Amino acid sequence: MNNKKGDVGKYALVAELLKKDIIVCLPVSDGTRFDLICGSKPFKRLQIKEMFTEKRGAHILLNYSQNSRGKLRSIKKVYSKDYIDFLVGYVREDGTFYIIPIEELKGRRSIVIWHNSKPKIKAHQRGWNHIHNRFDLLA
């Protein structure tokens with residue numbers, strides 16, 4: 001994802017958190033492993049990712065950072081609790097946020113969230129409604 005796309009999700013989340021009187025701190029440089037810190041002690045480290053919607057109606061959230069290493073190689077590293085506390089998926093089309101404690105991802109590289117449709121694959125029927133716009137987790 002390019003920085004412009006990522007910034008849209010990040011600042012949409014910042015606006016929502018500020019509306020809910022949740023403290024937000026942004027890093028000065030882009031070199032941090034999280035996009036922002038929020039809440040009160042203990043502060044929560046958040047990584048925000050824009051989700052994409054596939055043609056069957058599922059929202060896909062990728063749980064890794066991608067670093068370029070030369071022209072032909074890139075390294076994909078899964079986020080862990082050593083670096084962030086929550087992965088936040090942002091759906092630009094409807095302004096939805098999925099706020100996921102990093103422990104719930106259990107090292108997965110991606111998750112599929114069926115939004116407004118029924119999953120076609122039985123393995124994807126686990127509901128993620130408990131993380132839909134759960135800003136109380138970040139206070």
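**Reading the sheets**

Ala58 stands opposite Trp114 in β10. The model is predicted.

Student: What joins strand β5 to β10?

Tutor: Start with the general idea. Strands of a sheet pair through backbone hydrogen bonds, and the pairing is either parallel or antiparallel. Here, β5 covers residues 58-62, and five bridges link β5 to β10. These two strands run antiparallel.

Student: In what order do the strands of that sheet lie?

Tutor: The order is β4-β5-β10. This is an open sheet of three strands, with antiparallel pairing. β4 (52-53) and β10 (110-114) are at the edges; each has a single partner strand, so one side of each lacks a neighbour in the sheet.

Student: How many strands form the open sheet that contains β8?

Tutor: Five, in the order β1-β2-β3-β8-β9. The pairing in this sheet is mixed.

Student: Why is one side of β1 and of β9 left without a neighbour in the sheet?

Tutor: Because β1 (24-25) and β9 (96-101) stand at the edges, each with a single partner strand.

Student: How do β8 and β9 run, parallel or antiparallel?

Tutor: Antiparallel. Six bridges join β9 to β8, which spans residues 86-91.

Student: Now the side chains. Which ring does the charged end of Arg33 sit over?

Tutor: The ring of Tyr83. The charged end of Arg33 is 4.0 Å from the centre of that ring.

Student: How many aromatic pairs are there, with ring centres within 6.5 Å as the cut-off?

Tutor: The count is one aromatic pair.

Notes. Residues numbered from 1 in each chain as written. Predicted model: local features only at pLDDT ≥ 70, side-chain atom pairs only at ≥ 80, totals over all residues. Heavy atoms only, no water. Pairing = 2+ DSSP bridges. Helix = DSSP H or I, 4+ residues; strand = E, 2+ residues; numbered from the N terminus. Phe/Tyr/Trp six-rings, centres within 6.5 Å; stacked < 30°, edge-to-face > 60°. Lys NZ or Arg CZ within 6 Å of the ring centre and 35° of its normal.
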